[in-house]
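Thanks for coming, everyone. I'll keep this short.

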Amino acid sequence: MSLTLEDPRIVEFDVRTDEMLVNMGPQHPSTHGVLRLLLRTDGEIVHEVTPHIGYLHRCAEKIGENLSPPQWIPYTDRMDYLAAMNMNLGFSLAIEKLIGMEVTEKAMNLRVIISELNRIASHLVGMGAYGLDLGTFSPFLYAFREREIILDLFEEVCGARLTYSYITMGGVTHDLPDQITIPPGLAQLTERDPNLQLSWSDALRMFLDWMGPRIKEYHTLLTRNAIFVRRTAGLGILSPEMAMSYGCTGPVLRGSGVDYDLRRDGESIYTRMYEGYNYKIPVAPFADPAFGGIPQEATLGDNWCRFFVRMMEVAQSIEIVRQALDRYPSTQGEYRLPFKMNQKLPTDEVYLETECPKGSMGFYVVGDGDAEPFRTRAKSSCFCNLSVTGPLCQGVLIADIPAIVGSLDIVMGEIDR
Amino acid sequence: MNIEEIHQRLVARFGDAIRELKTGVKDPWIEVAPESIALVGEFLRTEPELRFEALNDLTGSDWLETDPKKKTPCDPHVEVVYHLYSYSLKHWCKLKVKTARWKGGVVGELPEVPSVSQVWGIADWHEREAFDLVGIHFTNHPNLRRILCPEDWEGHPLRKDYEFPLEYHGVRGK
């Protein structure tokens, strides 16, 4: 008896998998906003990933050509809305560099406290959301519990919880409040009277004292968790050469072993803010014993290293904020120097990068004698970090795509501008 | 290496293709002839004493004065600005390429600048953005499509004479 092609016994063993195009996003929860990834898949293997961006494009650069710098500050808030303070700082410094302005010691001190605190908040979201991408829910709750207190503290300083417009040309908009009611979350966690009145800096100290030891919990939950390590270590390996060529910055670059942090290596207008602070810059493969070593499975430049850089930066930022708070009472000068709404910009152009939580945010401003810049340009760090997705995701499993994209810690508001 | 030394190296190698060293400004820059920019970029990245591994920023800007009251209007042109950085040697460099606003003076024909995407990986996306928003055609680019605006968008928004569309797929603009 011969078999024919129609015979089910043959058809069963003759199944071929064809290449298939799969759209991931723009509404997919693990793409961190409105990012669309077009996957060319062969079964579970991904051959090619093409990111499609622009769903959140507002042409902020064009708007910036019609507004004076103080008016454009709120637009910088809406770029990286998870670290708006750092966005404000980057643009303010670019304008200060353009007009040759120097802020006071007190303003620099306040900027350090606030922007480092925002770095902690941003990395907490990065950690929590990365856990969600990999299918664990609890770290997200821990991260948001802590972040809530930071947002409450920001609200006491400037009245806003996300879009602060706090750091501005000439300094910051308000000094730290002398007396606040303890943030409800902090009162609950530290078991204090919810009506307790204290100064803002005391509330922040109380929070840092409480949070410092909690970092160990995150490491138990995620960093050293066997499942987490299996999902991240050895995956999405980004070589230092590729990281530099693709313009990757921030934790992505340091996770690939390039020792570069603008707080130390940047331009003097930015680095002088951080003079005299004692902190370490975590760089893969984390040779410093203070970082506690890396698991055997981890390789230089993989997802785990990028994640670990962020976690270590949280601890370092806590140290910086503590030192800045100690300095605060003795700092000299006004918290804000006058900067007019229609201050004329000189005919010149500057480019300045600052170390934002997600990478180096660059602002390029061209002045032509008017109050409105002739050209404003925001170079987004996430934009460059995302551009490496294509080469990084070749030949991985579909399930690893969220693990790789999540480890880049992107914010679409900043990519699309 | 500071910008004067880099300029000397480039002049020794490329001669007339290096047009000008602009000093006396906050960020001094070197102006390069448009047709040579890809070769200059490759030289800057590979030369052992220069080693510019990273292209920090690439952007375009449209120089056209739209304010009639302005006393000293700028010379109409389009420029591409490159900010380079060397991680190994810790020095930086800023390059500029200037070209006419429209190719051959024909309105709507985009000016052409060679792509540096073969030199730095990130230039691929930055050039797509400059093409999309400023309207510069990068020759030899592997995939010059719009990146931020929709594929069927008309015009280049960062052009100074750009007019916002009155309607887009049934959505009123103004």
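Predicted model: local features only at pLDDT ≥ 70, side-chain atom pairs only at ≥ 80, totals over all residues.

Start with helix α8 of chain A, residues 200-211. Its axis and that of α15(A), residues 303-327, come within 11 Å and cross at roughly 150°. The cut-off for roughly antiparallel is over 145 degrees, so α8(A) and α15(A) count as roughly antiparallel. The crossing of α8(A) past α15(A) is left-handed. On the α8(A) side, the contact uses A:S201, A:L204, A:R205, A:L208, A:D209 and A:M211. On the α15(A) side, the residues are A:V314, A:I318, A:V321, A:R322, A:L325 and A:D326. By class, that is seven nonpolar, one polar and four charged residues.

Helix α8(A) has another partner, α6(A), residues 138-158. These axes come within 11 Å and cross at roughly 170°. That makes α6(A) roughly antiparallel to α8(A). From α6(A) come A:R145, A:E146, A:I149, A:I150, A:L153, A:E156 and A:V157. They meet A:W200, A:A203, A:L204, A:F207, A:W210 and A:M211 of α8(A).

Now back to α15(A), with α9(A), residues 215-223. Their axes come within 11 Å and cross at roughly 170°. So α9(A) is roughly antiparallel to α15(A). The α9(A) residues are A:I215, A:Y218, A:H219, A:L222 and A:T223. Facing them in α15(A) are A:W304, A:F307, A:F308, A:M311, A:M312, A:V314, A:A315 and A:I318. This contact has eleven nonpolar, two polar and no charged residues.

One residue to look at in this region is A:L117, in helix α5(A), residues 105-133. Is A:L117 buried or exposed? Buried, at a relative accessible area of 0%. Its contacts beyond four places in sequence are A:I150, A:F154, A:W200, A:L204 and A:V321. A:L117 and A:S317 are 200 residues apart in sequence, yet 7.1 Å apart in space, C-alpha to C-alpha.

On to chain B. Helix α2(B) spans residues 37-46, and its buried residues are B:I37, B:V40, B:G41, B:F43 and B:L44. Viewed down the axis of α2(B), these buried residues fall within an arc of 165°, so they line one face of the helix. They pack against α1, β1, β2, β4, β5 and β6 of chain B.

Strand β4 of chain B, residues 77-86, holds B:H83. B:H83 is buried, at 5% relative accessible area. Which residues does B:H83 touch, leaving out those up to four places away in sequence? In chain A, A:Y351 and A:Y364. In chain B, B:A54, B:L55, B:N56, B:D57, B:C93 and B:K94.

Last, backbone geometry. Most residues other than glycine have a negative phi, and most peptide bonds are trans. Here are some exceptions. The peptide bond from A:A284 to A:P285 is cis, with omega near 5°. A:P285 sits in the loop between α14 and α15 of chain A. B:N140 has a positive phi of about 65°. B:N140 is in the loop between β7 and β8 of chain B, and is exposed at 64%. B:H169 also has a positive phi, about 50°. B:H169 lies in the loop between β8 and β9 of chain B, and counts as exposed at 61% relative accessibility.

That's the tour. Over to you.

Key
Residues numbered from 1 in each chain as written. Chains lettered and ligands numbered in written order. Heavy atoms only, no water. Helix = DSSP H or I, 4+ residues; strand = E, 2+ residues; numbered from the N terminus. Buried < 20%, exposed > 50% of the residue type's maximum accessible area, 1.4 Å probe, protein only. Contact = heavy atoms within 4.5 Å. Axes fitted to C-alpha atoms, helices over the stretch in contact; angles between N-to-C directions. Parallel < 35°, antiparallel > 145°, perpendicular 65-115°, else oblique. Left-handed = near helix turned anticlockwise from the far one by under 90°. Nonpolar A, V, L, I, M, F, W, Y, C, P; charged D, E, K, R; others polar. Arc of directions from axis to C-beta.
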